[in-house]
Amino acid sequence: MEVLKVSSKSNPNKVAGALAGVIREKGKAEIQVIGAGAVNQAVKAIAIARGYLAPSGYDLVCVPAFTDVTVENETRTALKFIVFPRE
């Protein structure tokens, strides 16, 4: 599954475009974030991507979960959003 990493400085429109592309190609994607600002940008991107994909018949679903990631040899807890079309 394709993993998109989003930070608080990420542009939600660009992330949404990348997310829509991954959904069209692979069928689902994972967005990883650390921190409240990154969560904000990721949720905005998911909402924008829904608008991009709706005319093609895609209705996106988002499932949040926790995951551990290694950043600079330190394990941190991240939030991941698994995004895929409703069947």
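Biologist: Hi! What kind of model is this, and how are residues numbered?

Modeller: It is a predicted model, where local features need pLDDT of at least 70, side-chain atom pairs count only at pLDDT 80 or more, and totals for chains, interfaces and linings use all residues. Residues are numbered from 1 along each chain as its sequence is written, and side-chain values use heavy atoms, with hydrogens and water left out.

Biologist: Thanks. In what order do the strands of the sheet come?

Modeller: The order is β1-β2-β4-β3, in an open sheet of four strands with mixed pairing. Strands here are DSSP runs of E with at least two residues, helices are runs of H or I with at least four, and both are numbered from the N terminus. Two strands pair if DSSP finds at least two bridges between them.

Biologist: Which strands are at the edges?

Modeller: β1 and β3 (60-71), each of which pairs on one side only. From one strand to the next, the twist averages 25°.

Biologist: And which way do the neighbours run, parallel or antiparallel?

Modeller: β1 and β2 run parallel and are joined by five bridges. β2 and β4 pair in the antiparallel sense, over five bridges. β3 and β4 are also antiparallel, with twelve bridges.

Biologist: What holds paired strands together in general?

Modeller: Strands of a sheet pair through backbone hydrogen bonds, either parallel or antiparallel.

Biologist: Where do the helices sit?

Modeller: α1 packs on the sheet, touching β1, β2, β3 and β4, and its direction makes about 170° with that of β1. α2 packs on the sheet as well, touching β1, β2, β3 and β4, at about 15° to the direction of β4. For these angles, axes are lines fitted to C-alpha atoms, for helices over the stretch in contact, and the angles run from 0 to 180 degrees between N-to-C directions.

Biologist: What handedness does the unit of β1, α1 and β2 have?

Modeller: Those three make a right-handed β-α-β unit. That means that, with the strands pointing away from the viewer, the path from the first strand over the helix to the second runs clockwise.

Biologist: Let's talk about the inside. How many residues are in the largest nonpolar core?

Modeller: The largest nonpolar core has 20 residues, and those with the most contacts inside it are L19, I23, I31, V33, F81 and V83. Such a core is a set of buried Ala, Val, Leu, Ile, Met, Phe, Trp, Tyr and Cys residues joined through side-chain atoms within 4.5 Å. β1 (2-6), α1 (12-26), β2 (29-33), α2 (36-53) and β4 (74-85) each supply at least two residues of this core.

Biologist: What does I31 touch?

Modeller: Leaving aside neighbours within four places in sequence, I31 is in contact with L4, V6, L19, A42, I46, L79, K80, F81 and V83. Contact means heavy atoms within 4.5 Å.

Biologist: Where is S7?

Modeller: In the loop between β1 and α1. S7 is partly exposed, at 35% relative accessible area, and its side chain reaches the backbone nitrogen of K9 at 3.1 Å. Not counting residues up to four places away in sequence, S7 touches A38 and Q41.

Biologist: Last one: what's in the turn of the β3-β4 hairpin?

Modeller: Two residues lie between those strands, and E72 in the turn has a positive phi of about 50°. N73, in the loop between β3 and β4, has a positive phi near 60°. Most residues other than glycine have a negative phi. E72 counts as exposed at 77% relative accessibility, and N73 does at 81%.

Technical notes
Buried < 20%, exposed > 50% of the residue type's maximum accessible area, 1.4 Å probe, protein only. Polar contact = N/O pair within 3.5 Å; in protein donor to acceptor, adjacent residues only side chain to side chain.
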